[in-house]
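Biologist: I am new to this structure. Please show me how to read it, one feature at a time.

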Amino acid sequence: MNSKLFFLVYLFIIFLAVPVTAQKDGKTFKVVIDAGHGGKDPGCIGSKLREKDVVLDVALRTGKLISDNCPNVKVIYTRKTDVFVELYRRAQIANDNHADLFISFHCNANDNHSAHGIETFVMGLHKSEANQAVARAENSAMLKEADYKANYDGFNPNSPEAAIMFSLYSSAYLNNSILLADKVQKNLIGTTHLLDRGVKQAGFWVLYKVSMPSILIEMGFLSNADDEKYLGQDANRDDVSNAIFRAFSSYYTQVTGNKVSVSDVKQEKSKETDYKNNDKQKEKDNPQTQINHDNSNDNHIDSQSDKKEGDEAAAIANAVVDPNGVRFMVQFMALPEKIALTDKRFKNFPNVNRYYEGSLWKYTAGNERDLASAKKVLEEVKKYYPDAFIIAFKGEEKIPVSEAVKLVK
């Protein structure tokens, strides 16, 4: 490569690097606070409370905590008053603002009035009829729109075929969504003492349409007398918003590197034991499979084993490809945490490696001389990670795939 071309490629790489490192340098992080329902749509209704009122109050409290304590975070609300906002508009607000995070606030209800507790959802296919029922109830808000069929391309939330659409969902943001959901669920249970119903997946239209990590919180059942009584008290709503804020702060620090001071925010450390003791009751009352965080103990491998695996992978790579030359890889996962290359999820992939970029560890398979070979690896990886894609490096520098193809010709 001549010096002029090298300089242009170098500038291009630097240009691409700016957005992913800017968060730590002061770029505004945008979080959308979505209070469900509103206006003509009351949501679920208890003996005294309406969902639209409870979630708006908690959402505004949470948003204020974020604004007051996180100077580099911009809070964007889908609604701040009792107005009806269409589901598609909620997603549109988040996407148009290029938000970094979407948090939707809701309350639950069930014909069985003994059902109670807190559950946090991420986007995915329904794992049970119970999960499907929750998603169907929240998605039904679109039926209150006069021209909902036009707004949602004929989608009917009550149709058994509705899940087919969600099967096409891209899981590009799923790992970070689970990361936040896990933090929210643990903080809420540790604070409220309500039943832990876990982190789950279901097909929520609003989560399906946003292009960023997103979660939907069901803060309790208004159809249950105890949950409704808890959510009806001002001090308890304050506790709920504090718990969600602490979860957000932990997530924000982890993905951006910017620390948030929560010294003035109420802590409930004394209740951590109660949360742990609640696990057995959770399994008894809610036997559905929970989503485990990607860095769970089941997948943990000690640093020595990880180092050995990395050395072995590097040796194989060096034997096949000139380390200073161009190579193609398939990126299939990005996580805030560094996990072991011997993780059981990687066992079917060749030459697994990782690199750090934009506050995330990014995991790759393959180490190929040419694009055609990388495409073969991509075909295999996509069987497990449909959102996988090809990247390229020259030496230790990541370069555009198009540039890499030119260099190997």
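**Salt bridges, sheet and chain**

Modeller: The structure holds twelve salt bridges (a side-chain nitrogen of Lys or Arg within 4 Å of a carboxyl oxygen of Asp or Glu). This is a predicted model, where local features need pLDDT of at least 70, side-chain atom pairs count only at pLDDT 80 or more, and totals for chains, interfaces and linings use all residues. Residues are numbered from 1 along each chain as its sequence is written, and side-chain values use heavy atoms, with hydrogens and water left out.

Biologist: Which side chain does aspartate 238 meet in a salt bridge?

Modeller: The general idea is simple. Side chains of opposite charge can pair when their charged atoms come close. Here aspartate 238 pairs with arginine 61, at 4.0 Å from N to O. Aspartate 238 sits in helix H10 (residues 234-256) and arginine 61 in helix H2 (residues 51-69), so the bridge ties together parts 177 residues apart in sequence. Helices here are DSSP runs of H or I with at least four residues, strands are E runs of at least two, and both are numbered from the N terminus.

Biologist: Is arginine 61 buried or exposed?

Modeller: Buried means under 20% relative accessible area, exposed means over 50%, and partly exposed lies in between (1.4 Å probe, protein chains only). Arginine 61 has 18% relative accessibility and counts as buried. Aspartate 238 has 30% and is partly exposed.

Biologist: Which residue meets lysine 64 in a salt bridge?

Modeller: Aspartate 68 does, at 2.6 Å from N to O. Aspartate 68 is exposed, at 52% relative accessibility.

Biologist: What about glutamate 380 and lysine 383?

Modeller: Their side chains also form a salt bridge, at 3.1 Å from N to O. Glutamate 380 is partly exposed at 41%, while lysine 383 is exposed at 60%. Elsewhere, shared partners link salt bridges into one network of Asp57, Arg61, Asp234, Arg237 and Asp238.

Biologist: Now the sheet. What is the order of its five strands?

Modeller: Strands of a sheet pair through backbone hydrogen bonds, either parallel or antiparallel. In this model, two strands pair if DSSP finds at least two bridges between them. The open sheet runs E8-E9-E7-E10-E11, with antiparallel pairing. Strand E8 (353-357) and strand E11 (397-399) are the edges, and each pairs on one side only. From one strand to the next, the twist averages 45°. Axes are lines fitted to C-alpha atoms, for helices over the stretch in contact, and angles run from 0 to 180 degrees between N-to-C directions.

Biologist: How many bridges join strand E10 to E11?

Modeller: Three, and strand E10 (residues 389-394) runs antiparallel to E11. Phenylalanine 393 stands opposite lysine 398 in E11. Helix H14 (residues 401-408) packs on this sheet. Helix H14 touches strand E7 (326-335), E10 and E11, and its direction makes about 160° with that of E7.

Biologist: Which residues is valine 408 in contact with, leaving aside neighbours within four places in sequence?

Modeller: Contact means heavy atoms within 4.5 Å. Valine 408 belongs to helix H14 and is in contact with Val326, Phe328 and Arg369. Valine 408 is partly exposed, at 38% relative accessibility.

Biologist: How many helices and strands does the protein chain have?

Modeller: The chain has 14 helices and eleven strands. Of its 409 residues, 51% count as buried.
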